[in-house]
Amino acid sequence: MYIEFWLPSGAGGLPAQMAAQQIRQSVEKWAKIHDIKYQTKVVKYTLRVAFDDDNLCNFFALSYKGSRQFRIVDPLNNI
């Protein structure tokens, strides 16, 4: 499972880069507070945040206070 944030499209990708940077900073701050390791990856116009333990996706959803909308994706059910 992973968390997926949507990134804006257009203008040569500049809005997507700016939004991705803002999200990364916000997630980094959250991760430091809770001492959690994570990985990020940009795929097309989405930013994915993955954790070693799938249960951390639920914890993230309950405790993250960022302003951007996200969803939890289970690759097995995302066909």
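Where is the place of Glu4? Glu4 sits in strand 1, and the views below start from the sheet around that strand.

This is a predicted model, in which local features need pLDDT of at least 70, side-chain atom pairs count only at pLDDT 80 or more, and totals for chains, interfaces and linings use all residues. Residues are numbered from 1 along each chain as its sequence is written, and side-chain values use heavy atoms, with hydrogens and water left out.

View 1. Helices (H or I, at least four residues) and strands (E, at least two) are DSSP runs, numbered from the N terminus. Two strands count as paired if DSSP finds at least two bridges between them.

**View 2. Strand 1 has a partner on either side, strand 3 and strand 4.** Four antiparallel bridges link strand 1 (residues 2-6) with strand 4, while five bridges join strand 1 to strand 3, again running antiparallel. Follow Phe5 across the sheet: Phe70 stands opposite in strand 4, and Leu47 is the bridge partner in strand 3. Strand 1 is mostly covered, with four of its five residues buried (buried means under 20% relative accessible area, exposed over 50%, partly exposed in between, with a 1.4 Å probe and protein chains only).

**View 3. Glu4 is a buried residue in strand 1.** Its relative accessible area is 4%, so Glu4 counts as buried. The side chain of Glu4 makes a polar contact with the side chain of Arg71 at 2.7 Å. A polar contact is a pair of N or O atoms within 3.5 Å; within protein, one must be able to donate a hydrogen and the other to accept it, and residues adjacent in sequence count only if both atoms are side-chain atoms. Not counting residues up to four places away in sequence, Glu4 touches Thr46, Leu47, Arg48, Phe70, Arg71 and Val73, where contact means heavy atoms within 4.5 Å.

**View 4. Arg48 lies in strand 3.** With a relative accessible area of 25%, Arg48 is partly exposed. Its side chain makes a polar contact with the side chain of Tyr2 (3.5 Å). Leaving aside neighbours within four places in sequence, the contacts of Arg48 include Ile3, Glu4, Gln39 and Val43.

**View 5. Helix 1 and helix 2 meet at a crossing of roughly 110°.** Their axes come within 12 Å. The two helices are therefore roughly perpendicular to each other (65 to 115 degrees; angles under 35 count as roughly parallel, over 145 as roughly antiparallel and the rest as oblique). Look for Val27, Trp30 and His34 of helix 1, which meet Phe59, Phe60 and Ser63 of helix 2. By class, this contact has four nonpolar, two polar and no charged residues. Here Ala, Val, Leu, Ile, Met, Phe, Trp, Tyr, Cys and Pro count as nonpolar, Asp, Glu, Lys and Arg as charged, and the others, Gly among them, as polar.

How values were computed: Axes fitted to C-alpha atoms, helices over the stretch in contact; angles between N-to-C directions.
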